Amino acid sequence: MFKTFLQVLAILPTNYVAFTFFVGTMAMMAACVFFFFEMSNVDKKWRTSILVSGLITFIAAVHYYYMRGYNLETGESPIFFRYVDWILTVPLMCVEFYLITKKAGAKIALLWQLIFASVVMLVTGYIGEAVYGKETQSWIWGLISGIAYFYIVYLVWFGEVANLARNAGPAVQKAVKTLGWFVLVGWAIYPIGYIAGTEGGLFGMKVFQGLSMDIVYNIGDAINKIGFGLVIYALAQSDKGSTQSA
Ligand SMILES: *C/C=C(C)/C=C/C=C(C)/C=C/C1=C(C)CCCC1(C)C
């Protein structure tokens, strides 16, 4: 029965990678519809944040649709579509941090700092996969990417984002804390996929062998893109109708 389903989808029963691309497409689409419809159910000041959550999952849904097709036709990792998706959606996640701390005084310079770090993280990761993915030196690119990643973690946990959140009232503070956990733990899923899927491993050591890079990335995306949006949604719900500016 399940086998027939997969045949209809043109996914071979053993192709778990393509299957997770298919489920990913649906999950992102559903989340996107949810966020767009809920925009009218939250206080006006949260609407842009919920809109951005909807855009993140919309962009992902479209890319997942193409990634599934690419993977089915070539049997390979859709590295290019993957990074186009990330280079659009990760900066939008930075926009979320900026938007929710803006009332506490976040400056546009902070947004650019976050975006710059995420672009460095993703461009070096792309070079490591697309150019050096089958060579041992891929670990060097992963390391540079990791440094940019830890800079984002620093900003959110101890840097300006954390400082602003402390002055932004308990609801925003709580949301930033939860989003901080997503960045620290949820985003740490990605380097695992990178280590498993590139030749250089972890400083040249072979770990996480046998894991599929794409399945790891797909799990990471589902947790982080939908989870991030739900944290913002919960913040908007908890702050409904209060007159105090966030
Ligand atoms: C929606 C997509 C998200 C949240 C993607 C996040 C991606 C990362 C945090 C990727 C990080 C990487 C490293 C820290 C080192 C190895 C290379 C990357 C690009 C996989």
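This is a predicted model: local features need pLDDT of at least 70, side-chain atom pairs count only at pLDDT 80 or more; totals for chains, interfaces and linings use all residues.
1. Largest pocket. The largest pocket holds about 570 Å³ of space. Its lining counts 28 residues, and G142, S145, G146, Y190 and P191 are the closest to the centre.

2. Five helices each give at least two residues to the lining of the largest pocket: α4 (79-101), α5 (108-131), α6 (138-157), α9 (189-197) and α10 (213-238). The largest share is that of α6, with eight residues. By class, the lining of the largest pocket splits into 20 nonpolar, six polar and two charged residues.

3. Ligand site. Where does the ligand sit? The space it takes is the largest pocket. The shell around the ligand has 18 residues, with W86, M121, S145, Y190 and K225 nearest. The protein covers 99% of the 530 Å² of accessible area that the ligand has on its own.

4. Make-up of the shell. Two or more residues of the shell around the ligand come from each of α4, α5, α6, α9 and α10. Which helix gives the largest share of this shell? It is α4, with five residues. For the lining of the largest pocket, in turn, the largest share comes from α6. The shell has eleven nonpolar, five polar and two charged residues.

5. Second largest pocket. This pocket has a volume of about 430 Å³. It is lined by 23 residues, of which S77, I79, K134, G197 and M213 are the closest to its centre. The helices α3 (47-74), α4, α5, α9 and α10 each supply at least two residues of the lining. The largest share comes from α5, with three residues. By class, the lining of the second largest pocket has nine nonpolar, eight polar and six charged residues.

6. Loop between α9 and α10. Two phenylalanines in this loop deserve a look. F203 lies in the loop between α9 and α10. Its phi is near 50 degrees, a positive value in a residue other than glycine. F208 is placed in the loop between α9 and α10 as well. The phi of F208 is near 55 degrees, again positive in a residue other than glycine.

7. Exposure of these two. Is F203 buried or exposed? F203 has a relative accessible area of 51%, so it is exposed, the cut-off being over 50%. F208 has a relative accessible area of 37% and therefore counts as partly exposed.

8. V131. This residue lies in helix α5. V131 is partly exposed because its relative accessible area is 49%, and exposed would need over 50%. V131 and T89 are 42 residues apart in sequence, and 22 Å separate them in space, C-alpha to C-alpha.

9. K240. This lysine lies in the segment after α10. With a relative accessible area of 46%, K240 is partly exposed.

Definitions and conventions
Residues are numbered from 1 along each chain as its sequence is written. Side-chain values use heavy atoms; hydrogens and water are left out. On a 1 Å grid over the protein atoms alone, a cavity is a set of points where a 1.4 Å probe fits but cannot get out, and a pocket is an open set with protein on both sides within 12 Å along at least five of seven lines; lining residues have an atom within 4 Å of a point. Grid points are joined across faces, edges and corners, and a volume is the space filled by probe spheres set on the points. Helices (H or I, at least four residues) and strands (E, at least two) are DSSP runs, numbered from the N terminus. Ala, Val, Leu, Ile, Met, Phe, Trp, Tyr, Cys and Pro count as nonpolar, Asp, Glu, Lys and Arg as charged, and the others, Gly among them, as polar. A residue is near a molecule or strand if one of its heavy atoms lies within 4 Å of it. Accessible areas come from the Shrake-Rupley method with a 1.4 Å probe; for residues, only the protein chains shown count as cover. A molecule sits in a cavity or pocket if more than half of its atoms lie within 2 Å of its grid points. Buried means under 20% relative accessible area, exposed over 50%, partly exposed in between (1.4 Å probe, protein chains only).
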